[in-house]
Amino acid sequence: MAYKYSGRIIRAGKAWKDNDGVTHPRNWYAWSDEQKTSAGLVWEDDPASFDSRFYWSANVPKSLDDVNAVDEDDNPVLDENNNQVVILGLKSQYKAQTKNTAGGLLSSTDWYIIRVNEDNTATVPTNISTYRAAVRTASGTIEAAIDAAADLDAFIALFDTPVDSDGVPTGNAPIRNWPDEVN
């Protein structure tokens, strides 16, 4: 929030010069609203803040569901193969991110699975099998929670970390509820 003159921010407690070369005193901030307006000062509110994960701008939410792209005349936008261009919604984006995270978590233990396939005398340690199953289960649970979000508020709630009455975290946010990695 600031006063501006010809697009410039005018700081309280600082003298300023207008376009006619007139220097205004540093106590200009004490002027009445009428005096400020007559001097050409304009009050400008700060832009509204918003979470860019969920909103395009302060009052424009992103779509939860996939949307067919259309041009300014509402005609379908087609790709080079004449297929409808689809703009992925938040649900599709975060389900893909969840799959990617699961793949990354599993990749550190993939070598156990490869070794067993190449050497029939080798085995996968139980803690590794248990961890890999937990990652796959967590991925399925997170994707189901994403699909179950009925509206944007429910979707945003998936990012909230649960806390106790003292505000101390008691677990992970549902969208980040992965098992601890194995060593």
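These legends go with close-up views of a predicted model. Local features need pLDDT of at least 70 and side-chain atom pairs count only at pLDDT 80 or more, while totals for chains, interfaces and linings use all residues. Residues are numbered from 1 along each chain as its sequence is written, and side-chain values use heavy atoms, leaving out hydrogens and water.

**View 1. Helices H2 and H4 pack against each other.** Here H2 covers residues 90-107 and H4 covers residues 126-148; helices are DSSP runs of H or I with at least four residues, numbered from the N terminus. Their axes sit 10 Å apart at an angle of about 175 degrees, so the pair is roughly antiparallel (over 145 degrees between N-to-C directions). Contact means heavy atoms within 4.5 Å. On the H2 side, look for residues including Tyr94, Thr98 and Leu105; on the H4 side, Tyr131, Val135 and Ile146 are among them.

**View 2. Trp31 is tucked into a loop as a buried residue.** That loop runs between strand E4 (23-24) and helix H1 (33-38); a strand is a DSSP run of E with at least two residues. Trp31 has a relative accessible area of 19%, and buried means under 20% with a 1.4 Å probe, protein chains only. Leaving aside residues up to four places away in sequence, Trp31 touches Trp16, His24, Pro25, Lys36, Ala39 and Leu41.

**View 3. Ser6 has a positive phi.** The angle is about 50 degrees, although Ser6 isn't a glycine. You'll find Ser6 in the loop between strand E1 (2-5) and strand E2 (8-10).

**View 4. Asn82 is exposed.** Its relative accessible area is 57%, and exposed means over 50%. Asn82 lies in the loop between strand E8 (67-68) and strand E9 (86-87), with a positive phi near 70 degrees.

Key. Axes fitted to C-alpha atoms, helices over the stretch in contact; angles between N-to-C directions. Parallel < 35°, antiparallel > 145°, perpendicular 65-115°, else oblique.
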